[in-house]
Amino acid sequence: EEAAEAEEGLGSAAMAEAVAEVRAMHAQMADVLSGVLRDEQQACAAASAPNGTDKDGTAEAISASAGPRSGPSGGGATGHGAAAEDAAQTECGGARGGCPVGPAGKRVSLESDASYFASYSRLAIHEEMLSDAVRTDGYRHAIESNGGLLQGKVVLDVGCGSGILSMFAARAGARLAIGVDASDIIEQARAVVAHNQLADRVQLHHSSLEALDLPAPLERVDFLVSEWMGYGLLYESMLPTLIHARDRFLAPGGAVLPSACSLLLVGSSHNRLAFFDDVYGFSFTPIAEPIRAEAAVEIVPDDTVLTDEATLRTFAMLTVTDADLDFTAPFALTAHTAGELRSLVLHFDTDFDLTAHGGTSSRFRTSPGSPPTHWKQTVLYLRRPLPLAAGARVEGTLSLSRNGNYERGYDIAATLRAGDGPVDTQIFSMS
């Protein structure tokens, strides 16, 4: 209904067709996974037996704890590297308060939870994030430039990973920085904290967020800090974890860093899939089509950008709710350069604005033309190029909804048209 309202004048029938296509895709995925899910339902049932044993009395190795970027049960490392891409995207205690719903309405936990969980213990992921100067220095500047506000305060670092944000907070003057992470990286992080003689002001907890108890007599914290963003901003669905932490632990009048994140869209002539048109004299276009259905994470050259940018959504950390994370947003793009529109490009801005508290404001971007980050950009390749003259207008909607089978993934429906041209709709998977 929301999509239909947003689509008024742009072809509601096309959007209805897109929604039906998404549902069909979900059904197909459910069929493929049904055998695995049935096995896992039995495993979950065994895990619920008294004393955590199976019917033979033997302990069953079940991943019942949340993965590192899960929701209310998780407080995980911020992984965006290749290992994280290979890992499964759901786990018990996941981003929406439990295991994803499988066949017969039962909640399930996939075997690959353990792989997902373990992926954030790999040092290569943390090396990649630490060496991302835009990301890490952006957080360092935001925290340390507000050192006056942090003096004597308590900070909770949600998904602390290597502990770098907690150490920034301690160096900026926080009385205590509490980090929580469900990944085994916490052991290395504790060693780093001790090596830098900060163990008296940085406490790292190997725990899910749901199981975390603040050290007595603390009941609330003054600041939350978290690097929760994923590819296309929302991939990995860690924002529900931060929402849970905010509602449970943040003191009245407290602040969150980052303060807000915005998801933006531009149009581009970038077309990596053109490679498959002629591969040593052969057309490999049958390979290109399945790739087109997946949102691609890659660097988009700035000189391929044809349009201005449109803001799809801004999420303010003090007010965002879980319900805000599935949405349909209209957009309008105006071409500043003539060319063929071949892709829609998602990127995001991260704001650290504490001016309401008497502090500073800063931002980093992940747009084409900005210094590159490990997030790169998220590219939606169009199946039919749209020729654009300078000044031409492209209108449409973009719908993002969490995948019913993989809670950390998203389904994306893009509907657009240029001028008075036909409405085109495509479905993409970010999983």
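In strand S15, threonine 425 is the bridge partner of threonine 415. Strand S14, residues 410-418, pairs with S15 in the antiparallel sense over seven bridges; two strands count as paired if DSSP finds at least two bridges between them. Strands are DSSP runs (E, at least two residues), numbered from the N terminus. The model is predicted, and local features need pLDDT of at least 70, side-chain atom pairs count only at pLDDT 80 or more, and totals for chains, interfaces and linings use all residues. Residues are numbered from 1 along each chain as its sequence is written, and side-chain values use heavy atoms, with hydrogens and water left out.

S14 and S15 belong to an open sheet of four strands, with the order S9-S13-S14-S15 and antiparallel pairing. Strand S9 (327-334) and strand S15 (424-430) are the edge strands, each pairing on one side only. On average, neighbouring strands of this sheet are turned by 20 degrees against each other, direction ignored; the axes are lines fitted to C-alpha atoms, and angles run from 0 to 180 degrees between N-to-C directions.

The structure also holds eight aromatic pairs. Rings of Phe, Tyr and Trp (its six-membered ring) pair if their centres lie within 6.5 Å; planes under 30 degrees apart count as stacked, over 60 as edge-to-face and the rest as tilted. The ring centres of phenylalanine 275 and phenylalanine 276 are 5.2 Å apart and the planes stand at 75 degrees, so this pair is edge-to-face. Phenylalanine 275 is exposed, with a relative accessible area of 52%, whereas phenylalanine 276 is buried, at 12%. Buried means under 20% relative accessible area, exposed over 50%, and partly exposed in between (1.4 Å probe, protein chains only). One aromatic cluster is formed by Tyr139, Phe348, Phe352, Phe364 and Trp375.
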